[in-house]
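Please read this note with the sequence and the model open side by side. It goes through a few places that can be checked by eye.

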Amino acid sequence: MNLSILQRMLAFILLPAIIGLIAVTALNYHSANTALNNQINEELQLVLHGQKVELSNTVNLLSSTMTNFACNTDVIKFLRLKESADTENTNDETAVLEQKLKENILQLVKNYGLLRDVGLVDKNGTVLIHSTKSFIGNSVADRKYFQAALQGGIEPVTIQSKANGRLSSAAGFPVKDGDSIIGVVYTTTALEEMAHTTTDTVQIAQTGKCFVYDKTGKLLMHPDTKLVGAEDGSQPWFQYMLSAQAGHYEYEQNDAKMLAYFDRIPLADWLIIISVEKNDILAPVRSMFTQSVLAACLTMLIVGLIIVFVAKDIVGVLRKLASFIERIARGELNLPADEEAALVRGGKRGDEVGIMARGTKEMLDGLRRLLNTEEQKAEAEEAAKKSGSRHGRSTGTEQNRQCPAGKYAFSSTGIAADSHYCFLCFRTAFSSNRAFRTRRTKPS
């Protein structure tokens, strides 16, 4: 395969450079993508853990507060008195305890802004004392949190207000007198206010959010309050997170690829999730990759232009030198003025091409000097021949002369005295005359 110098430079310099730049760009992208993914993994887990701890501490604080209230001796005494009120008249002590407990409940709601309602219920489910007077006398016997508390457990339940649609988490705490459960203290926690101080403060990239589900798939907390209350329990990604307890998961939502890290809040039995669009969180790597590709393309363009410029410069001089040598080989020693000037300019270069141009110019000048010398000799010999012929005819005698090589004698008639021509002189004269005739007959 015959390739020009320009083609060779493009094939063996530019092409490897392009391949190298592509490899470096791909390697940088892979390294940056791996490093960013590791960093994202660490940071999202840290944020998730922080939110889990904060929510768990809040839930634990409320739980311990209500558990301590349920263990209050005044609460136990009041419930025992209310049990005996069915057969005996209510005495002043019951009224005093009731007033005292009402004040304590109101103080709890005031001190803990997350507490929406607090109530004291007897073992039949009747509300005896409540932070909201209108709830006194109502029955909560059918509520799951009440039934769980009667069994000695705590099972938070999500309830939604019919008036404003706001969600709350209700939980019951058993009141024990010895081994017997004689009543329940229950509370409703304002989830919206809890979200304001916890999950709503998380902002990751442009689309990252932290939100909380209960175990049924109801959305309890979310920065977008319009989404609160949504039922996502049937979603495959939620079912996976619910069964996996903790970890990370990639899924699609609204045609966007999402990356989610999740964990459980044991006491409340909630699922806390941090989710972000992958394209959003990987945007820095994509931006860096785009910039790297642009830089590589610009570098390849610059390198290509330099190679083309240098190659054209070298190739131009070499082509002229090749043309000069071909013409010299044909015996054309007289070159046009512009071509000879180009040869002189090429000889001024300081590289190997300049050395070739100077050598070609010196060779051309040497051939010209040699040709001039041979022409002068031929003209002198021709003049001598003519002079000898005229002299021989006038005298009738044969004049002998020596050949330029000095080996054989020639007569004035051109016949050697020993019947042999000098081969050296014959070849030199023949070559010189042929070159001279070629130069004369062919235009420059």
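The points below go from the whole chain to single residues.

1. Basis. This is a predicted model, in which local features need pLDDT of at least 70 and side-chain atom pairs count only at pLDDT 80 or more, while totals for chains, interfaces and linings use all residues. Residues are numbered from 1 along each chain as its sequence is written, and side-chain values use heavy atoms, with hydrogens and water left out.

2. The chain as a whole. Eleven helices and twelve strands make up the secondary structure; helices (H or I, at least four residues) and strands (E, at least two) are DSSP runs, numbered from the N terminus. The chain has 444 residues, and 35% of them count as buried. Buried means under 20% relative accessible area, exposed over 50%, and partly exposed in between (1.4 Å probe, protein chains only). The accessible surface is about 25,900 Å², with 55% belonging to carbon and sulfur atoms; such areas come from the Shrake-Rupley method with a 1.4 Å probe, and for residues only the protein chains shown count as cover.

3. The cavity. The search of the whole structure finds one cavity of 30 Å³ or more. A cavity is a set of points, on a 1 Å grid over the protein atoms alone, where a 1.4 Å probe fits but cannot get out; a pocket is an open set with protein on both sides within 12 Å along at least five of seven lines; lining residues have an atom within 4 Å of a point. The volume of the largest cavity is about 190 Å³, counted as the space filled by probe spheres set on the points, with grid points joined across faces, edges and corners. Of its 15 lining residues, Val 59, Leu 62, Ala 171, Phe 173 and Thr 189 lie nearest the centre. Helix α1 gives the most to this lining, with four residues. By class, the lining has eleven nonpolar, four polar and no charged residues. Ala, Val, Leu, Ile, Met, Phe, Trp, Tyr, Cys and Pro count as nonpolar, Asp, Glu, Lys and Arg as charged, and the others, Gly among them, as polar.

4. Ser 63. This residue is found in helix α1 (residues 5-70). Ser 63 is buried, with a relative accessible area of 11%. Which residues does Ser 63 contact, leaving aside its neighbours within four places in sequence? They are Ile 154, Phe 173 and Leu 267, where contact means heavy atoms within 4.5 Å.

5. The second largest pocket. Its space is about 480 Å³. Strands β1 (115-122), β2 (127-130), β3 (157-160) and β5 (180-190) each give two or more residues to the lining. The lining of this pocket divides into six nonpolar, nine polar and five charged residues.

6. Helix α9. In α9 (residues 337-347), the buried residues are Glu 340, Ala 342, Leu 343, Gly 346 and Gly 347. Seen down the axis, they fall within an arc of 155°, so they line one face of the helix; the arc is that of the directions from the helix axis to the C-beta atoms. Ala 337, Asp 338 and Arg 345, on the other side of α9, are exposed.

7. Two loop residues. Gln 245 is not a glycine, yet its phi is positive, at about 75°. Gln 245 sits in the loop between α6 (236-244) and β8 (247-253) and is partly exposed, with a relative accessible area of 40%. Asp 255 also has a positive phi, near 65°. Asp 255 lies in the loop between β8 and β9 (256-265) and is exposed, at 80% relative accessible area.
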